[in-house]
Amino acid sequence: MAATAKLAALSDPTRRRVFELVLRRPSPVGRIASALPVSRPAVSQHLRVLLDAGLVTAERQGASRVYRADPRGLAELRGIRSGDMVVVRSRRGRIRLAALVTKRIRPLQVEGNTVHLVGLPLHWGFDGLTRPGHLVNTLTPFVGDPNVETPEFKAFLVDIQKA
Amino acid sequence: MTRERIDTILRHPVGERVTHWAVAIVFLFLFTSGLALFHPFFFWIASLYGSGQMMRFLHPLAGVLLVVLFYPYAARVWRDNRWTAADDGWVRQMWAFMRKEVHPSDTGKYNAGQKLMFWSMVPLIALLLLSGVVIWQPWFAPVFPAPLRRWAALVHAVCSFAMFVGIGVHWYAAYWTRGSIRAMVRGYVSPSWARFHHPAWFREISGREE
Amino acid sequence: MAQHALDIVQSSATTFSSPSARRTLEVAKLIDVSRCIGCKACQAACLEWNDLRGPVGGFEGAYTNPPDLDDQNWCLMRFHEEEIDGALQWLILKDGCMHCADPGCLRACPAPGAVVRHSNGIVDFDQEKCIGCGYCISGCPFDIPRLRREDSRVYKCTLCSDRVAVGLAPACVKSCPTQALMFGSRGEMHAVAAERVAELRGRGYRNAAPYDPPGVSGTHVFYVLPHGDRPEAYGLPRDPAVSPVVEVWRSPVARGIGVFTMFAVLAAGILHYMRHGPLQAPGEKEENEP
């Protein structure tokens, strides 16, 4: 979904509040409406816009529909399971390694976009007692803070695909 | 008169005899080694076979050997072990027969007792093999879940017990019926032996020879 | 070792009980899961103390590493991500021998003395007597013993019986940085467990409970579980006991009757022969046989 469509969907403050409620807890229309000073039909209308923008999904449960922010993590979206070999790619290079899929790291919602997190522990390299592997520093940016003379290796953009 | 002159009827060809005694020897090893594992009273038997470890290692291999020896033999003789009306009669009179009060005159090559023995060994040995594979460490047992392994161990013990009861009866019956053991060692029986113990078989054989 | 024999209360495949003139204090290890941070110091300490070195494995996509107990890994942290009451919980459990008071491994073992239970509660394997049949693995309700391919013997946590014998705590307990692992007399550890459960309940863990299964007559390694109403979430069996199939399979009474029956069949044959003599075809000469 285009970022502009999502941003447009969240331009309305009431709709933004509807989205925040759904983010916190998957809910049917009734529960959302009772938490806001707006009518049920109005909430339904907002939810339809959010649905079209791809910000929420709807699931039939009994007689009602439950709305939730897209719960699927990156692993599910990319068909990656624990133990699968994956390739992680940044602007500076790519490495091949095994994946661990966990529910403990949840996707972030940043300005209407889902931002997934990939954690890379620096536990191995090309030389060592255990099996050698690709060095994670292949991916990290060469950015430093000159004031404290500390390199910024920590956060950067990556793509991750099943190998 | 030497026995060779008297025993003129071939009852068991040499291939069957060799197989039978090979099976018997392998069974003796399986039974005694199994007994050592079955009850601590017999654990000393393990030292006869080198060590507990060696015995535990050889027991399943001997089991496979037993299966390889037994089933081709069973395939050869199963036709003579098919149940007939004569066998119903034999079973009905079984106790009187054992007291030597009656003697059936329509017994075929194998009597009902022998057929019952055959038809119990066929499934028992198969069950022992299957249950044995499930508990065979370290090659096969790890792939099977614990509850299945527990049942397999129980089945294995129960079938071994049943098999020994059958074999015990088999041993005694062979000894009691004079001439049987010689028949399985030398292969030949006399016409009077055949006429008395397996009359229908004798009639069939003589009819063919005429 | 004369002292060693005096200490044994129960021995595998042994009909008559051991001398056990010496009665020592029953010990126990308490694992308070609420304090465990999953650092694996206990795993490392166990390897160090017992000189275990398994082959370097691969990453299988899980924190639980190695993936299972084996003959070179007697202590394993298991990690479970579970949804409890709508919230995600990361449950970490130290897995290893529970040192049951009624051990299934001991019951199943056919080799005399290969599995022993000491008067202090420790269940120990004597590898010298082990024949490698793996019956103990089937007998254990917690699936703990592991067979070593190289020597065909089984291994498991010994509760550091060698350390305990000289008054030290097990290596894992010594290494634990948060005191999630505690060691002492069984009575003391039960008291501490009760205190911990009360504190956890006060803090909002309404279902905190000890895990000391009665089905195996209690254990000498027991847990305090914050979510004590669902041990399965931690990978623990809900109501473990020695399986009834194992009880029948290794029942001394059933097996005794079995052996008796087998002898009885032979005896019946002998008696029958003494009464009726052989079945002989008429005209067949009696040879020199009894």
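## Interface of chains B and C

In this predicted model, 37 residues of chain B are in contact with 37 residues of chain C, where contact requires C-beta atoms, placed from the backbone, to lie within 7 Å. The elements that contribute two or more residues to the side of chain B touching chain C are α2 (14-38), α4 (52-77), α8 (146-176) and α10 (191-197) of chain B. The greatest contribution on this side comes from α8(B), with 14 residues. Classified by residue type, the side has 21 nonpolar, 10 polar and six charged residues. Ala, Val, Leu, Ile, Met, Phe, Trp, Tyr, Cys and Pro count as nonpolar, Asp, Glu, Lys and Arg as charged, and the others, Gly among them, as polar.

## Interface of chains A and C

Contacts also link 10 residues of chain A with nine residues of chain C. On the chain A side, these residues comprise three nonpolar, four polar and three charged.

## Chain C

Chain C contains nine helices and 11 strands; these are DSSP runs, with helices (H or I) of at least four residues and strands (E) of at least two, numbered from the N terminus. Its C-alpha atoms fill a box of roughly 95 × 45 × 40 Å along the principal axes. The radius of gyration of chain C is 25 Å, whereas a compact globule of 290 residues would have one near 19 Å; the value is taken over C-alpha atoms, and the globule rule is 2.2 Å times the number of residues to the power 0.38.

Of the contacts in chain C between residues at least 6 apart in sequence, 62% join residues at least 24 apart.

## Basis of the model

Residues are numbered from 1 along each chain as its sequence is written, and chains are lettered from A and ligands numbered from 1 in the order in which they are written. The model is predicted: local features need pLDDT of at least 70, side-chain atom pairs count only at pLDDT 80 or more, and totals for chains, interfaces and linings use all residues.

Note on methods:
Two residues are in contact if their C-beta atoms, placed from the backbone, lie within 7 Å.
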